Amino acid sequence: MSGTASSARQARSGGGWQTLLADLKQVRASILILLALLIFNALFTPYFLSVQTLNVNLTQVATIIIVAMGMTLVIATGGVDLSVGSLMAISGVLAPLIFLNPVFAGAQWLGIALAFVVPVLVAGAFGVLNGLFVTRLKLQPIVATLVLYIAGRGIAQVITNGQLQSFSTPGFSYIGLGRPFGIPFQVILMLVIVALTYWAVRRTVFGRSVLAVGGNETAAGLSGIPVARVKVAVYAISGLLAGIAGLIVIAINSSSDANQVGQGMELDAIAAVAVGGTLLTGGRAQVLGTLFGALIIQLIRFTLLAKGVPDAAALVVKAAIIIIAVALQQRRRRE
């Protein structure tokens, strides 16, 4: 008994850094690829080693990483969320409707505060709906989230009558354009979300429950894990993070277009998760891998564009990367 207690104390005291190092070791292939891309661009891409280039790449990938954190949790349970792009659009069109409302003309700060909260909660509520489709109606996740993938963007277009919403509201735009200490605010927010997701997966009962559900749902249920609640929770988190990403996108553009906000985000997020090493069949959540996977995809796209390769070709390369990542996963499982 004393040996068990001692082991538990050691795990609590030193387990944090040991776990981090172990996780970094598991994604060492992604780290090496990322380093190779950085070295290649440093040698052959003009002005790559500049603050401006760093900011461009980080701001372009920040929303993908934020959404991919939620996607990592969903995929870890054996599901998938195709609705994240549409939820970004819903969140993105709701925010201007709130802070531009004449009701808040005399208290703009209140309108801005509500615009940060209400759209994200609405996106989270739609995430809960996805979870209920999966758990209560027993729909396959790809089918359940396909409903909002199609209907969600339609809802966003109906809300705005398909019209572009432009605005100039510095208080709101800070989430996308602010630079505290010279660092883009959205990048700081991204790092906080990554850290919280990593902590939740590696250090909480909820994280262990997510992995257990994805590993063996029947066994997880028999061991007392509330499977349905865990699934609803991960879809809700995915919705909340998609809502935050939607706010960042419209803040950067100072406009909201229901047709464009979040377009293709579901594929970018799934690609980041797949390249990062999270098994698409569930039971594993490589949060750091997802981070590096998104950075790899972004750097490959940047490299191709810097060398004059059309963006359409970059999409083909992205598809090839996903195929290779999934093939490697299948090979590891057979081994």
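**Notes on the model**

1. At 56% relative accessibility, Leu32 counts as exposed, where exposed means over 50% relative accessible area, buried under 20% and partly exposed in between, with a 1.4 Å probe and protein chains only. Leu32 is found in helix α2, helices being DSSP runs of H or I with at least four residues, numbered from the N terminus.

2. This is a predicted model, in which local features need pLDDT of at least 70 and side-chain atom pairs count only at pLDDT 80 or more, whereas totals for chains, interfaces and linings use all residues. Residues are numbered from 1 along each chain as its sequence is written, and side-chain values use heavy atoms, with hydrogens and water left out.

3. Leu32 belongs to a nonpolar surface patch that it forms with Leu35, Leu38, Ile39, Phe40, Leu43 and Phe44, and together these residues have about 700 Å² of accessible area. Areas come from the Shrake-Rupley method with a 1.4 Å probe, and for residues only the protein chains shown count as cover. Patches are made of residues with over 30% relative accessible area and no salt bridge, like charges being joined within 9 Å and nonpolar side chains (Val, Leu, Ile, Met, Phe, Trp, Tyr) within 5 Å.

4. The structure holds 7 aromatic pairs, a pair being rings of Phe, Tyr and Trp (its six-membered ring) with centres within 6.5 Å, called stacked if the planes are under 30 degrees apart, edge-to-face if over 60 and tilted for the rest. Among them, Phe40 and Phe44 form a tilted pair, 5.1 Å centre to centre with 45° between the planes. These two residues are separated by about one helical turn, because they are 4 residues apart in helix α2 (residues 28–44); Phe40 is partly exposed, with a relative accessible area of 36%.

5. Phe48 and Phe302 form another tilted aromatic pair, at 5.8 Å centre to centre and 50° between the planes. Phe48 lies in the loop between α2 and α3 (51–76) and Phe302 in helix α13 (residues 287–306), so this pair ties together parts that are 254 residues apart in sequence. Both Phe48 and Phe302 are buried.

6. Which residues do ring pairs link into a cluster? They are Phe99, Phe116, Phe167 and Phe172. Phe172 is also, with Ile65, Met71 and Met88, among the residues that touch the most other members of the largest nonpolar core, which has 92 residues; such a core is a set of buried Ala, Val, Leu, Ile, Met, Phe, Trp, Tyr and Cys residues joined through side-chain atoms within 4.5 Å.

7. The structure holds 2 salt bridges, each defined by a side-chain nitrogen of Lys or Arg within 4 Å of a carboxyl oxygen of Asp or Glu. In one of them, the side chains of Asp23 and Arg202 meet at 3.2 Å, N to O. Asp23 lies in helix α1 and Arg202 in helix α8 (residues 185–203), so the bridge ties together parts that are 179 residues apart in sequence. Asp23 counts as buried at 4% relative accessibility, whereas Arg202 is partly exposed at 35%.

8. The side chains of Lys231 and Glu217 also meet in a salt bridge, at 2.8 Å, N to O. Lys231 lies in helix α11 (residues 227–253) and Glu217 in helix α10 (residues 217–222), so here the parts tied together are 14 residues apart in sequence. Lys231 is buried, with a relative accessible area of 14%, whereas Glu217 counts as partly exposed at 37%.
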